[in-house]
Amino acid sequence: MAYLLGIDTSTTATKALLMDDAGHVVAVGSTPHDHSSPRPLWSEQGPDEWWRATAASVRQALAEAGAAGPDVRAVGLTGQMHGLVLLDGAGAVLRPAMLWNDGRAQAQCDEIRERLGGLDALVAETGNDAFAGFTAPKLLWVKEHEPDVVARVAQVLLPKDYLRYRLTGGFATDRAGAGGTLLLDLASRDWSATVLDALDVPADWLPPTHEGPEVTGAVSAQAAEETGLAVGTPVVGGGGDQAATAVGVGAVRPGVWAMSLGTSGVVFAPTDAPHTAPQGRAHAFPHAVPGLWHLMGVMLSAAGSLRWYRDTFAPDTGYDALLAEAAGVAPGSEGLTFLPYLAGERTPHANPLAQGAFVGLTLRHGRGHATRAVLEGVAFGLRDNLELLRQSGVEAPDTVRVAGGGAVSPLWRQILADTLSVALAPVQTPEAAAFGAALLAGVGAGVWPDVATATDATVTVGETTEPGASDLGAAYDRFRDLYARLEPSFPRP
């Protein structure tokens, strides 16, 4: 039996998914890892921990499938975007990686806009405004605060590309992930000489860019010994986690949108040409599919808000019990509103210091009301992002594909459908990002001729949730008004 392997390094775990060449998942290995926040707004991880987790997860998946390394035809990589990994000339890690949700580099965002000649010029070149979570602001922060580290930098990598280095011994990145660095020319899909010159970033610090299904190297003897893979197994470009998830749910053509309801929340719209939002308020990156781009809205705490709520207020109660209580509460939660800005916010509010809130509590409200308010608050945040993409000139389809842990809940899907006024089609894909990375590996290995053919053959769409009669318009208006009213009370940089 021939298999394809997708490796997904997220913030909390590294997962290795094995599928056969018909697209059936046969095994998933998962190894958790921790991250640290040594100071407010800081979020860091050790890259070597990712590698240990990768080796363990690959061996788990091979053992579960009863497979050996030579059975794997190709490997695809995906993982958390925007992280900053710095290596010296010997390939050693110079400092802990700064993650996508690290918000310390807000001042450097202002500096980037100034160096590029203003916001409009920055968006015209990269497709995006500067966000503290992106790679370039983090790099400027290190240059300013840790000059001893910068003096030894020889290579700048994204998290999954550090794993590529450990797998193959070579440096490379995919163009979808590279778009999230703020160092890429959106139109050419390659590094921007204009940005590199303005930010004084040497071009030789950055790896070559590749399309998602393109072979970037092969498993080395050292990596084979640690992972159980065979020497010479091809490793393809892969994609950032959201682009790979879009592949995993079949959002690989213009007009087929995807929504992710995981720790963060994403609305993802493929386009056949570079397309930017006014003032760069939505993210514009290349897709992992050659010849496509995408426009994307991102909220930082979606299903993560529900997890925080359960862990904080009902740690001994299961999600099913909480959701059952919420199902008995009328839409609008009787005036109780939840703002899901527990980790700051990305789009449409570029504010890493935004804060969450419950507003409108009365003696009438019980736990079911609070739970439903969390579900609705996340839905309202996703509607903000859907509306942002519409305002950017990308026409929304009648049906959006939805994946992620939160999408398992019929109640939450119904709240989302009612809030967004679109039908939601759940995609029954386990570990959608790793699944998408494995599909990209299959295209690179010649199992399928292109990505669209691969997804047509393997992605299964579940029963659609249609918008119902619930009117959440007034509750959504209240939600939007509250951000504007509370924003002056949030901390300042």
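**Salt bridges, cavities and a surface patch**

Lys-15 is partly exposed, with a relative accessibility of 22%. In this predicted model, the side chain of Lys-15 forms a salt bridge with Glu-431, and the closest N and O atoms are 3.1 Å apart. The pair links distant parts of the chain, since Lys-15 lies in strand 2 (residues 13-20) and Glu-431 in the loop between strand 23 (423-426) and helix 15 (432-444), 416 residues apart. Glu-431 is likewise partly exposed, its relative accessible area being 29%.

A further salt bridge joins the side chains of Asp-456 and Arg-253, at an N to O distance of 2.7 Å. Asp-456 belongs to helix 16 (residues 451-458) and Arg-253 to the loop between helix 10 and strand 16, so this pair ties together parts that are 203 residues apart in sequence. Asp-456 has a relative accessible area of 52% and is therefore classed as exposed, the limit being over 50%. Arg-253, at 35%, counts as partly exposed.

Arg-390 is partly exposed, with a relative accessible area of 32%. Salt bridges also link Glu-44, Arg-95, Asp-102, Arg-104 and Glu-146 in a network. The count for the structure comes to 25 salt bridges.

Rolling a probe the size of a water molecule over the atoms shows where empty space is left. A search of the whole structure finds three cavities of 30 Å³ or more. The largest has a volume of about 60 Å³, and its lining includes Thr-135, Asp-161, Trp-191 and Pro-207. By class, the lining of this largest cavity comprises seven nonpolar, three polar and one charged residues.

The second largest cavity has a volume of about 50 Å³. Among the residues that line this second cavity are Gln-242, Met-259, Phe-268 and Arg-401. Helix 10 (241-249), strand 16 (257-261), strand 17 (265-271) and strand 22 (399-403) each supply at least two lining residues, and the largest share, four residues, comes from helix 10. The lining of the second largest cavity consists of seven nonpolar, three polar and one charged residues.

On the surface, Trp-308, Phe-313 and Leu-342 form a nonpolar patch with about 280 Å² of accessible area together. Trp-308 is located in helix 11 (residues 303-313) and is partly exposed, at 33% relative accessible area.

Key:
Residues are numbered from 1 along each chain as its sequence is written. This is a predicted model: local features need pLDDT of at least 70, side-chain atom pairs count only at pLDDT 80 or more; totals for chains, interfaces and linings use all residues. Side-chain values use heavy atoms; hydrogens and water are left out. On a 1 Å grid over the protein atoms alone, a cavity is a set of points where a 1.4 Å probe fits but cannot get out, and a pocket is an open set with protein on both sides within 12 Å along at least five of seven lines; lining residues have an atom within 4 Å of a point. Grid points are joined across faces, edges and corners, and a volume is the space filled by probe spheres set on the points. Ala, Val, Leu, Ile, Met, Phe, Trp, Tyr, Cys and Pro count as nonpolar, Asp, Glu, Lys and Arg as charged, and the others, Gly among them, as polar. Patches are made of residues with over 30% relative accessible area and no salt bridge: like charges are joined within 9 Å, nonpolar side chains (Val, Leu, Ile, Met, Phe, Trp, Tyr) within 5 Å. Accessible areas come from the Shrake-Rupley method with a 1.4 Å probe; for residues, only the protein chains shown count as cover. A salt bridge is a side-chain nitrogen of Lys or Arg within 4 Å of a carboxyl oxygen of Asp or Glu. Buried means under 20% relative accessible area, exposed over 50%, partly exposed in between (1.4 Å probe, protein chains only).
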